[in-house]
Amino acid sequence: MKMILDYDQIDPLLLPALDNFPPLDITRDNLSAVREMLAQMPSSPKPEGVIESKATISTDSSELDIYIYRKSDRANQPAVVWIHGGGYIFGSAEDDRSMRIATECDCTVFSVGYRLAPEHPFPAGPEDCYAALQWLMTGKSGYDIDLDRVALGGASAGGGMAAGVILMNRDRDNFPLTLQLLIYPMIDNLHATSSGQYENHPVWNRGTSDNAWEMYLGGTPDHDTSPYAAASRAIDLSGLPPAVPRNITIRAVPSIFDSLITWSISFADRRPYSTSSTPMYGAPSISPRAPTTGIPAAHASFTAGSIP
């Protein structure tokens, strides 16, 4: 059933932000033009004092760039393997979120320059990210990292890919990750939740989302999609690292562009550690039903000293 979002319910404080984000009606035919348009948009200023470097590793399929961000050179730092967003079809590992995490948490962030669809459909991206995780967790990075305090995460498509890579890790090497940080993850290829039925979300609308999934999967999404590609298809969610920094529970953080919100809630509710008393923390949202509290406390808890 088609559902139309009532824009009169959007908080007036959020409306001006939408003026900076034109609707993305993306198809295979116009993807190159959209990428060029996005590349011309001004980027966020880099955090003051961020230390930048880059490593290139060889995988079975390609040369993989990993962008490394730090606040300091102190020894035995915790680390985050970060996967950037962009609908699986655009975006860059030179990501402002990865820089802010590094500087605000005083940890080392390894942001993965994975291969994009449709030129490189699944499983190329997750395999690249898993190769980066292996490189770090087997001590090949050359950085002084506390391997007992490594998180893996991402935002939007990056959060979705992180969820798949975390499942992949459980089923392969099972490196001991301390946290998964899934920020409004793009995890449901079928849009099989209530918010996924709205067709006119600003920026990331249903048609564009369908097209992005088709490009990422190399075909029409269906129930047989690998959970490494769409974590909502996973049956077994046991044996995974917590999505919590210490005693602050973040199940999934919905986006201002919240066609992803009920994907996040549905996935979180299926987790073995989820209970009825588990709080949900969210960013300001276009949805009148979306939670809007808790971000300051959650942010304060995610510091270098508080990663378990």
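The legends below describe close-up views of a predicted model.

Residues are numbered from 1 along each chain as its sequence is written. Because the model is predicted, local features need pLDDT of at least 70 and side-chain atom pairs count only at pLDDT 80 or more, while totals for chains, interfaces and linings use all residues; side-chain values use heavy atoms, with hydrogens and water left out.

View 1. Six strands, in the order β1-β2-β4-β3-β5-β6, form an open sheet with mixed pairing. Strands (E, at least two residues) and helices (H or I, at least four) are DSSP runs numbered from the N terminus, and two strands pair if DSSP finds at least two bridges between them. The edge positions belong to β1 (51-58) and β6 (179-183); each has a single partner strand, so one side of each lacks a neighbour in the sheet. On average, neighbouring strands are turned by 25° against each other, direction ignored. Axes here are lines fitted to C-alpha atoms, for helices over the stretch in contact, and angles run from 0 to 180 degrees between N-to-C directions.

**View 2. Strand β2 and its partners.** A hairpin with 4 residues between the strands joins β1 to β2. The two pair in the antiparallel sense over 8 bridges, and Ser58 has Glu63 in β2 as its bridge partner. β2 and β4 also run antiparallel, joined by 4 bridges, with Ile66 opposite Val112 in β4. Of the 8 residues of β2, 6 are buried, so the strand is largely enclosed by the rest of the structure. Buried means under 20% relative accessible area, exposed over 50%, and partly exposed in between (1.4 Å probe, protein chains only).

**View 3. Strand β5 with β6 and helix α4.** β5 (residues 145-155) pairs with β6 in the parallel sense over 5 bridges. Ala155 stands opposite Ile183 in β6. Helix α4 (residues 124-137) lies across β1, β2 (63-70), β3 (77-83), β4 (108-112) and β5, and runs at about 165° to β5.

**View 4. The nonpolar cores around Leu152.** A nonpolar core is a set of buried Ala, Val, Leu, Ile, Met, Phe, Trp, Tyr and Cys residues joined through side-chain atoms within 4.5 Å. The largest has 56 residues, of which Ile26, Leu136 and Leu152 touch the most other members. Helix α5 (residues 157-171) gives the largest share of this core, 8 residues. A second, separate core of 18 residues includes Ile101, Val109, Leu179 and Ile183. Beyond its neighbours within four places in sequence, Leu152 is in contact (heavy atoms within 4.5 Å) with residues including Val81, Ile83, Leu133, Ala162 and Leu179.

**View 5. Helix α5.** Of the 15 residues of α5, 14 are buried, so the helix is largely enclosed by the rest of the structure. The expected span is 1.5 Å times one less than the number of residues.

View 6. Helix α6 (residues 206-217) has 12 residues and reaches 16 Å from its first C-alpha to its last, close to the 16 Å expected. Among its buried residues are Arg206, Trp213 and Tyr216. At the start of α6, a side-chain oxygen of Asn205 reaches to within 3.2 Å of the backbone nitrogen of Gly207. Gly218, with a positive phi near 70°, follows the helix. Gly219 lies in the loop between α6 and α7 (261-269). Leaving aside neighbours within four places in sequence, Gly219 is in contact with Trp213 and Glu214. The C-alpha atoms of Gly219 and Pro121 are separated by 9.5 Å, although these residues are 98 residues apart along the chain.

Key:
Polar contact = N/O pair within 3.5 Å; in protein donor to acceptor, adjacent residues only side chain to side chain.
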